[in-house]
Amino acid sequence: MKIGILSDTHGLLRPEVLDSLEGCDAILHGGDINRQSILDRLGQIAPVYAVRGNNDKEWAAQLPEFLDVSLAGMRVYMTHRKKDLPEDLTGYDLAVYGHSHQYEERRQGHTLLLNPGSCGPRRFHLPITMAVAEIEDGRIMVTRVDIPHEAGSTTATDGVDIKRQIEIVMQETDKGRSPAEIEQKHGISAALAEQIARLYVTHPGVTADGIMTKMGL
């Protein structure tokens with residue numbers, strides 16, 4: 001069985017991602033999907049198992065925060081944030097999460113913990129990644145897929161001053177502008193502007209440095 005594993009698409013499905021998913025028997029999405037059309041397109045390739053990310057809004061109300069599924073005899077646990085994984089993963093063969101936009105693959109006892117990274121808009125200088133897993137004879141083999149980043153392609157903050165971008169989003173949010181309006185006016189991706197604005201609004205008094213810390217920068 002071949003499984004495509006991705007997360008944090010934030011409204012963008014790259015052609016390279018779709019190419020990598022061809023031939024998959026199932027697709028796992030670790031959240032921060034952004035819109036239903038992403039799941040609809042993925043569903044044209046294979047059955048999709050998805051959890052709700054912290055940036056997924058009203059449209060995703062029916063998506064679970066946690067998912068426990070069995071695929072080809074393998075038990076899989078899914079949630080968006082690593083910190084929300086259960087302490088005891090005994091009995092699970094694979095645990096999938098996202099949120100950090102950084103690829104991670106490690107063992108915790110019998111369980112393989114996997115963050116496929118982000119294959120949506122590029123965040124800062126992080127690589128664009130996903131994963132493809134093969135389940136055969138009770139074993140799971142994961143291949144990391146790195147998607148080349150070309151100049152001019154969709155990016156969050158490639159080569160720019162992120163603190164200044166955060167300050168701009170804070171100022172524009174105070175003026176009541178939406179992420180889409182911020183993108184149009186300043187060229188900051190709507191997905192990134194939405195993430196910054198959400199942190200700004202939900203943490204009264206937070207500074208640009210504080211937002212950077214919360215974003216793991």
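Guide: Start at aspartate 68, whose bridge partner in β5 is tyrosine 77. The model is predicted, so local features need pLDDT of at least 70 and side-chain atom pairs count only at pLDDT 80 or more, while totals for chains, interfaces and linings use all residues. Residues are numbered from 1 along each chain as its sequence is written, and side-chain values use heavy atoms, with hydrogens and water left out.

β4 covers residues 66-71 and β5 covers residues 74-79; they pair antiparallel over 6 bridges. Pairing requires at least two DSSP bridges between two strands. Strands are DSSP runs of E, at least two residues, and helices are runs of H or I, at least four, numbered from the N terminus.

Now look at the two faces of β4. Leu67, Val69 and Leu71 make up the covered face. Phe66, Asp68 and Ser70 make up the uncovered one. In a regular strand, side chains alternate between the two faces of the sheet.

Next, the turn. The hairpin of β4 and β5 has 2 residues between its strands. Alanine 72 sits in that loop. Its phi is near 50°, a positive value in a residue other than glycine. Alanine 72 counts as partly exposed because its relative accessibility is 48%. The cut-offs are under 20% relative accessible area for buried, over 50% for exposed, and partly exposed in between, with a 1.4 Å probe and protein chains only.

Histidine 99 also has a positive phi without being glycine, near 80°. Histidine 99 lies in the loop between β6 (94-96) and β7 (104-108). With a relative accessible area of 29%, histidine 99 is partly exposed.

Val69, from the covered face of β4, takes us to the interior. The largest nonpolar core has 22 residues, and Leu6, Val17, Leu21 and Met130 touch the most other members. Such a core is a set of buried Ala, Val, Leu, Ile, Met, Phe, Trp, Tyr and Cys residues joined through side-chain atoms within 4.5 Å. Helices α1 (15-21) and α2, with strands β9 and β10, each give two or more residues to this core. Val69 belongs to another core, apart from that one; it has 21 residues, including Met78, Tyr103 and Ile135.

Methionine 130 has contacts beyond its neighbours within four places in sequence; among them are Leu6, Val17, Leu21, Tyr103 and Ile147. Contact here means heavy atoms within 4.5 Å.

Strand β9 (residues 128-136) runs antiparallel to β10, and 9 bridges join them. Glutamate 134 stands opposite methionine 141 in β10. Both strands belong to an open, mixed sheet of 5 strands, ordered β3-β2-β1-β9-β10. β3 (48-50) and β10 (139-147) each have a single partner strand, so one side of each lacks a neighbour in the sheet.

Helix α2 (residues 36-43) lies across β1 (2-6), β2 (26-29) and β3, at about 150° to β3. Axes are lines fitted to C-alpha atoms, for helices over the stretch in contact, and angles run from 0 to 180 degrees between N-to-C directions.

Finally, step back to the whole chain. The protein chain has 6 helices and 10 strands. Buried residues make up 49% of its 217 residues. Its C-alpha atoms fill a box of roughly 55 × 35 × 30 Å along the principal axes.
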